[in-house]
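Good morning, and thank you for making time for this presentation. Please have the sequence and the model in view as we begin.

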Amino acid sequence: ILYAAGTLLLFRALQNIGASEAAILTSSRALWTIVVALIFLGESFDLLKTLGVVLILGSIALVSFKKEAVRFNKGTLYALGSAFCFGVAFANDTFILRQSDVLSYLTLAFLFPGFIILAINPRVMKELKTFLNPLVLFKMVLLSLFYSASAIAIFLAYQQGGTASQLAPINQSVIILTVLLAVIFLGERSQLMRKFAGAAIALVGILFLR
């Protein structure tokens, strides 16, 4: 339910605000994971880790911020709602994985949100034919492979001794990597110094979370 709600709210947000603003707002999901992990999972969080979180979220804001992106509307609320759902869901994942294996759990975790969304709006079945286009289908399969590998890696990291409050902000640093890959493969070369500065700050933040 949390992942289904988070996904729906995220796409609603993207319909009302820009991707850069959505990236900044939804990165706050890490804060919700930390709060839930501290209260319900018994995890600890010291000053150095707090500084690491601040640096990572600050680096995301640095590389994503655009002057025209500052405004408060329903899209902002959708993005913050999405961040809340995803943040709590990640903490819930880690609790479940204390007594479950990663692959079995992720199989259900990927299937159920889709079924819930389909139950809410069964008319979307009519639109699925769009994804049968060979080029679109290839991209979707490629996306699914990378996303599945990412999910497996982050939860294996948890089972190997990481904590939810550590891994959630580290996982959010993927935004920095996306920006840098866009520079290489998509030629998005505006504000290069700011993007590389953001990457450096995020790296320092990750080191503080060790």
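**Helices, cores and a pocket**

Just after helix H3, Gly42 takes a positive phi of about 70°. The helices I name are DSSP runs (H or I, at least four residues; strands are E, at least two), numbered from the N terminus.

Please bear in mind that this is a predicted model, in which local features need pLDDT of at least 70 and side-chain atom pairs count only at pLDDT 80 or more, while totals for chains, interfaces and linings use all residues. Residues are numbered from 1 along each chain as its sequence is written, and side-chain values use heavy atoms, with hydrogens and water left out.

Let me return to H3 itself. Helix H3 covers residues 29–40, twelve in number, and reaches 16 Å from its first C-alpha to its last, close to the 16 Å expected at 1.5 Å a residue; the expected span is 1.5 Å times one less than the number of residues. Which residues of H3 are buried? They are Ala30, Thr33, Ile34, Val36 and Ala37, where buried means under 20% relative accessible area, exposed over 50%, and partly exposed in between (1.4 Å probe, protein chains only). Their cover includes helix H4 (47–64), helix H5 (74–96) and helix H8 (164–172).

Next, helix H7. With 26 residues, H7 reaches 37 Å between its first and last C-alpha, close to the 38 Å expected. Ala151, Ile154, Phe155 and Tyr158 are buried in H7, and the buried residues of this helix pack against H5, H6 and H8.

I turn now to the cores. A nonpolar core is a set of buried Ala, Val, Leu, Ile, Met, Phe, Trp, Tyr and Cys residues joined through side-chain atoms within 4.5 Å. The largest has 16 residues, of which Phe90, Leu97 and Phe155 touch the most other members. H3, H6, H7 (134–159) and H8 each give two or more residues to this core. Beyond its neighbours within four places in sequence, Phe90 is in contact (heavy atoms within 4.5 Å) with residues including Tyr3, Thr33, Ile154 and Phe155. A second, separate core of 14 residues includes Ile34, Val53, Leu57 and Ile175.

Finally, the lining of the second largest pocket. H6 supplies the largest share of that lining, six residues. Helix H1 (2–16), H5 and helix H6 (102–120) are the elements giving two or more residues to it.
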